[in-house]
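Q: I am new to this structure. Could you show me how to read its strands and salt bridges?

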Amino acid sequence: MKYRKALLILLMLLVFGISALTASTYIRGIGAQVGQLSADGLSFFQKFDETSALQATVGLYLRGNSYLDYSVGVEYQHTFFSAAYQDWFASDLYWFAGLNHRGFASVDSSTGQYGYAPSFGIGGGFGVEPVFLGHFSVPVSFGYGVFYAVDEVPFIERLTVTFLAQIGARYRF
């Protein structure tokens, strides 16, 4: 009976000790992100403490004087499990919640007519972020999002529920 109690205490300490480890001691990161909710473009990552972080992504595409496509995404990420396997490899499991705004603006050069179509999104899901050599990470996340496009159609047709698959590459510092 004594051995079971000691083994249980040791197991609990081991589990909580491993979960308290972080994948990287670097609290900032910069890189690129691709995803409908997170946005497509350059991203910045900032950890606030051992379990919470914020990621912001901004993307901009200009084609001449006639077309503009931009997107802004913000995600809160909360790490619920983290482990270091070797000196060169670690990983974080996290859940996320995010907001997105995207806009398309165009001008017809022959008529001079302007067009603008904004959309907004909210969503969440789960992700994994393997970290190599303490600096390089590849966050991959999956979830669901609800997107609202401003159009001249009935309200229910403006809403879209979609599966999210997002990936990025970042350098932590």
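The dialogue below takes up strand pairing and then salt bridges.

A: This is a predicted model, in which local features need pLDDT of at least 70 and side-chain atom pairs count only at pLDDT 80 or more, while totals for chains, interfaces and linings use all residues. Residues are numbered from 1 along each chain as its sequence is written, and side-chain values use heavy atoms, leaving out hydrogens and water.

Q: How many bridges join E1 to E2, and how do these strands run?

A: Strands are DSSP runs of E with at least two residues, numbered from the N terminus. Two of them pair if DSSP finds at least two bridges between them. In a regular strand the side chains alternate between the two faces of the sheet. Here E1 (residues 28-34) and E2 (residues 41-47) run antiparallel and are joined by six bridges. Within this pairing, Arg28 stands opposite Gln46 of E2.

Q: What lies between E1 and E2?

A: The two strands form a hairpin with six residues between them, and Ala39 in the turn has a positive phi of about 85°.

Q: How many salt bridges does a search of the whole structure find?

A: Side chains of opposite charge can pair when their charged atoms come close. A salt bridge is counted when a side-chain nitrogen of Lys or Arg is within 4 Å of a carboxyl oxygen of Asp or Glu. The search finds five.

Q: With which residue does Asp40 form a salt bridge?

A: Its partner is Arg102, with the closest N and O atoms 3.6 Å apart.

A: Buried means under 20% relative accessible area, exposed over 50%, and partly exposed in between (1.4 Å probe, protein chains only). Asp69 is buried, at 17%, whereas Asp40 is partly exposed, at 33%. The side chains of Arg102 and Asp69 meet at 3.8 Å, N to O.

Q: Which parts does the salt bridge of Asp92 and Arg172 tie together?

A: The closest N and O atoms of Asp92 and Arg172 are 3.9 Å apart. Asp92 lies in E5 and Arg172 in E9 (residues 159-172), so the pair ties together parts 80 residues apart in sequence. Both Asp92 and Arg172 are buried. Salt bridges that share partners join Asp92, Glu129, Arg170 and Arg172 into one network.

Key:
Helix = DSSP H or I, 4+ residues; strand = E, 2+ residues; numbered from the N terminus.
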